[in-house]
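Subject: Structure for you to look at

Hello,

Here is the structure I promised to pass on. Please open it first, then read my notes below.

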Amino acid sequence: MEGYLSLWDEYGARIMESFWANLQLTFWAFLISLVLGTLLAIMRISPIPSLRAFGTAYVNIFRNTPLTIIMAFGVLVLFGVFKLQISSDFNLNFFQIAIIGLSIYHAAFFCEAIRSGVNTVPLGQAEAARAIGLSFLPAAQLVILPQAFRGAIVPMGNVLIALIKNTTVALAGSVAEISGLMKTMIEYRADQGFLIFLTVALMFVIIVVPIGLLVTWLSKKLAVAR
Amino acid sequence: MKSDHQAQASSDGPIVELRGVNKHYGALHVLNDINLQVTKGEVVVILGPSGSGKSTLCRAINRLETIDDGTITIDGKVLPEEGKALAMLRADVGMVFQSFNLFAHKTIMENVTLGPIKVKGMKKSEADKVAMKLLERVGVANQAGKLPAQLSGGQQQRVAIARALAMRPKVMLFDEPTSALDPEMINEVLDTMVGLAKEGMTMLVVTHEMGFARKAADRVIFMADGQIVEQATPDEFFTNPKSARAKDFLGKLITNH
Ligand SMILES: Nc1ncnc2c1ncn2[C@@H]1O[C@H](COP(=O)(O)OP(=O)(O)OP(=O)(O)O)[C@@H](O)[C@H]1O
Ligand SMILES: [Mg+2]
């Protein structure tokens, strides 16, 4: 126990700081990938074949590429080769590249989650929207998507939970996040190895469990009565 | 009230005109050289056995189904293939579906005001007023704040009629509007439709309700196998059908009832 407490003395501030990085990665990547995923879903249900093809290609490419590779690509190729410099601050730059990598990857999953929501909306809803003179975009915005989102809360929640856990992959993008720190701690404090694992795992559990409960509650509360 | 719906008619020609319309589903010739004119204020009832193409015809008129060839005009304007122009023309054609298709996430009031506000650019306050009048007219004003799922089928279908009317359409299409209703609710919807017909609305109605056809139709069209086989006044059609198909169809109806 004493050893574990001394671990917190030594690393406590950095543990919090690193985990805060994971939460920030989650927040920004969630916002961006949700917007991107919505746009992709609109493309995939649009009447324009080239947009549909683009949406399909995007999803197939990024859903089937390991996140670690996307992250490494961001850092090694975008930063290393093309000198992509979003921020002049070295660490902030890696952080932002990691957000982009996470967003690009999870957008494909949000797109598919939203599309599964679109499938819960009966065809008659779109026909009724068209019949009163709404063209594709307003019909999507006013009639289809609001119902699709309500029908996709559970799958979208699952993508969010995966995203939270996947922020640890930002390690591959040289971001000082919690799993990187975990490796460091285990290296220097091998005596506490098991407890270090447990601590980090617990931190994720504490975040993910309430989100899971919230998702279940929302999906019931917002379900569209038919 | 009559002038209410007719204000926007821009020509004296037919409100709906189909010329040489054909459509196939694979090998199935679902619309076979359809020629049809509906004049202003006319109520046309389409009858025919299941699978004869009645729904397809109805849906082709506001391009929920595409056609292979021929032309369809609404008040003199050829139905555009897509885009904004199509949306504009659709706003002139009210459609009532068998399954109501009210927007499930919107209140009754919002269902009726959505089109006027978003398509016609009407102010919300004005759209609310118009919607309330229409809901009163179809007898569901007291349900304005509810969601569609909280209403009975008959009430939902009357709201659907109000939603279509809110766009001040030049013609109303009905595709079996009472087929999904419990028997005790059929009449409340038919009464609303008879009222509309009396006020001079141009209507094209696919239905199996012969009572409605007798009471409200100016003309009955009988379809079979994708073709218009016979057209006549309701009296003529029901008492003296000419084609063998129509005789057969009416004979089956009588034995079924
Ligand atoms: N999307 C489709 N693909 C293939 N065939 C179709 C499609 N929609 C309709 N059909 C066929 O076209 C024919 C005409 O259908 P339609 O719905 O217009 O008939 P209907 O006269 O309205 O029949 P009902 O009285 O049963 O409603 C039917 O044989 C139907 O099976
Ligand atoms: Mg039909």
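Predicted model: local features only at pLDDT ≥ 70, side-chain atom pairs only at ≥ 80, totals over all residues.

In what order do the elements of chain A run from the N terminus on? The answer is α-α-α-α-α-α-α-α-α.

**Chain A**

Start with the overall dimensions. The C-alpha trace of chain A spans about 70 × 45 × 25 Å along its principal axes. Chain A has 226 residues, and 45% of them are buried.

The UniProt record, an unreviewed entry, lists the feature "transmembrane region" for chain A. Residues 25-46 of chain A are 95% helix and 0% strand. The end C-alpha atoms of that stretch are 31 Å apart. Residues 67-86 of chain A are 75% helix and 0% strand. Here the end C-alpha atoms are 20 Å apart.

Now find D9(A). It sits in helix α1 of chain A, which covers residues 2-45. Is D9(A) buried or exposed? D9(A) counts as exposed because its relative accessible area is 70%, and the cut-off for exposed is over 50%. Next, compare the positions of D9(A) and N166(A). They are 157 residues apart in sequence. In space, their C-alpha atoms are 28 Å apart.

**Where chain A meets chain B**

Go to R59(B), in helix α2 of chain B. Its side chain makes a polar contact of 2.6 Å with the side chain of E127(A). Why does R59(B) count as buried? Its relative accessibility is 15%, and buried means under 20%.

**Chain B**

The unreviewed UniProt entry gives the annotation "domain: ABC transporter" to residues 16-250 of chain B. Over that range the chain is 39% helix and 25% strand. The end C-alpha atoms of the range are 27 Å apart.

One strand to look at is β6 of chain B, residues 93-96. Both of its faces are covered. V93(B) and M95(B) lie on one side, G94(B) and V96(B) on the other, and all are buried. β6(B) pairs with strand β7 of chain B, residues 171-175. The pairing is parallel and runs over four bridges. Within it, V96(B) stands opposite F174(B) in β7(B).

**Ligand 1**

How many residues surround ligand 1? There are 13. The closest are S50(B), G51(B), K54(B), S55(B) and T56(B). By type, the shell has four nonpolar, seven polar and two charged residues.

- G51(B): a backbone N or O atom is 2.8 Å from an oxygen atom of ligand 1.
- S55(B): a polar side-chain atom is 2.7 Å from an oxygen atom of ligand 1.
- E176(B): a side-chain N or O atom is 3.2 Å from an oxygen atom of ligand 1.

Taken alone, ligand 1 exposes 630 Å², and the protein buries 58% of that. Two elements of chain B give two or more residues to the shell: β2 (28-38) and α2 (54-61). The largest share, three residues, comes from α2(B). R59(B), described above, lies in that helix too.

Best wishes

Conventions:
Residues numbered from 1 in each chain as written. Chains lettered and ligands numbered in written order. Heavy atoms only, no water. Near = heavy atom within 4 Å. Polar contact = N/O pair within 3.5 Å; in protein donor to acceptor, adjacent residues only side chain to side chain. Areas by Shrake-Rupley, 256 points an atom, 1.4 Å probe, with all protein chains shown as cover. Nonpolar A, V, L, I, M, F, W, Y, C, P; charged D, E, K, R; others polar. Buried < 20%, exposed > 50% of the residue type's maximum accessible area, 1.4 Å probe, protein only. Pairing = 2+ DSSP bridges. UniProt positions renumbered as here; feature names shortened; annotations may be inferred.
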